[in-house]
Amino acid sequence: MINGLLHALVLDERGGARPISNTDELHNWKPGQGKLWVHMDYSQTEVVTWLKNCEFLTDYELESLTADETRPRITSATNGHMLFLRGVNLNPAQSPEDMVSIRFFINEDIVITTRKRRLLSIQDILTSFSSNTGPCNISELVCAIAQKLISRMQSVIDSLDETLDDFEEEIDEPSKPFDNQGLSQLRRQTIALKRYLRPQKEALSSMVNNHYPWLFDDDKAKLNETTNLLIRYLEELDSSIERAQIIQQTITNQVSEQLNQRMYVMSVVAALFLPLGFLTGLLGVNVGGIPGTESPYAFTLFVVFLIVLTGSIGIYFKNKKWL
């Protein structure tokens, strides 16, 4: 078999699928044998070679199926349509916001999908085939993959909300150090998710609102529900971004208030001791004529005067409500 061919299935139109076991059978497949789904890893050289020799694809479409970066969208192709979607990255030790791209070439007889990283949504579809509860045709297959991609985002969205709840609780406990780095990371995750989900919503809406020969009207209702679910996730992401901004602003205000309070205390202390420093500095110069140098009570009287002066300044500040 082709190195990088993940699976090739012929749908039996009853919820099951028959795997194609060798390369010759794949090359000799005809539309009359059943609807074909070919799933490939586009990072493998043999896959690129097979796609290049595929009669369905032009060079431009081949480049789209194997591009490093894609934006979710649906567009017309010479022999069908190109669809680009993304799902959250739930692979071990990877970030969910680093979304995995899956690319489709679709017509009434065949679906070719390519990806680089593993998608659990595809595994769900394969499991449904093994129990004869899978998609029966091209229309159901595309809608099922889209639905699985979107539904798996729920756990990630919920995790973001729970993390924001924890940050909001930290604000109410000033004694604990706030995790500013964690909040910044969450904001980056939310923005990265929204970056791909918004054009994905437009692609799914286009599928619902326009006519495609391979997409049945009965499946458009399911696709519409998937689109509505994605819109709700986008609204939750917008809410998460606003909540994160409010939390960041609250933390900034708290830090600013604490700094202002400390500066205020320092200013009051400086104002209290400014005249004292002036007087002690004035009497400490080594020149003649300083009063009280001959009196044994001069120092005591001077200290009492400084105490009275400090108390008077404090009373003045109190009356002005500066203390």
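The structure before us is a predicted model, and I shall begin with its surface.

A nonpolar patch of about 610 Å² is made by Tyr-264, Val-265, Val-269, Phe-273, Tyr-316 and Trp-322. Which helix gives the most to this nonpolar patch? The answer is helix 8, with four residues. Trp-322, another member of the patch, is found in the segment after helix 9, the helix that spans 298-319. The relative accessible area of Trp-322 is 40%, so this residue is classed as partly exposed.

Asp-158, Glu-162, Asp-166, Glu-169 and Asp-172 form it. Of these, Glu-169 lies in helix 6, which covers residues 154-171.

I turn now to charge pairing. Side chains of opposite charge can pair when their charged atoms come close. How many salt bridges does a search of the whole structure find? The search returns 12.

Lys-194 forms a salt bridge with Asp-238, and the closest N and O atoms are 2.5 Å apart. Because Lys-194 sits in helix 7 (residues 180-209) and Asp-238 in helix 8 (residues 217-283), this pair ties together parts that are 44 residues apart in sequence. Asp-238 also meets the side chain of Arg-198 in a salt bridge, at 3.7 Å from N to O. Here too distant parts of the chain are linked, with Asp-238 in helix 8 and Arg-198 in helix 7, 40 residues apart.

Are the residues of this group buried, partly exposed or exposed? Lys-194 has 23% relative accessibility and therefore counts as partly exposed. Asp-238, at 23%, is likewise partly exposed. Arg-198 has a relative accessible area of 33%, which again means partly exposed.

Other salt bridges deserve mention. Lys-222 and Asp-219 meet through their side chains at 3.8 Å, N to O. Both lie in helix 8, three residues apart, which is about one turn of the helix. Asp-219 has 4% relative accessibility and so counts as buried.

Leu-234 and Gly-15 are 219 residues apart in sequence, and their C-alpha atoms are 32 Å apart in space.

Finally, the cysteines. A disulfide is a covalent bond between the sulfur atoms of two cysteines. How many disulfides does the count give? The count comes to zero. Cys-143 counts as buried at 7% relative accessibility. Cys-54 also counts as buried, at 10%.

To close, I return to helix 8. This helix gives four residues to the nonpolar patch, holds Asp-238, the partner of Lys-194 in helix 7, and contains both Lys-222 and Asp-219. Thank you for your attention.

Technical notes: Residues numbered from 1 in each chain as written. Predicted model: local features only at pLDDT ≥ 70, side-chain atom pairs only at ≥ 80, totals over all residues. Heavy atoms only, no water. Patch = residues over 30% accessible without salt bridge, like charges linked within 9 Å, V, L, I, M, F, W, Y side chains within 5 Å. Areas by Shrake-Rupley, 256 points an atom, 1.4 Å probe, with all protein chains shown as cover. Salt bridge = Lys/Arg side-chain N within 4 Å of Asp/Glu carboxyl O. Lys, Arg positive; Asp, Glu negative; His and termini not counted. Charge placed at Lys NZ, Arg CZ, Asp CG, Glu CD. Helix = DSSP H or I, 4+ residues; strand = E, 2+ residues; numbered from the N terminus. Disulfide = S-S within 2.5 Å. Buried < 20%, exposed > 50% of the residue type's maximum accessible area, 1.4 Å probe, protein only.
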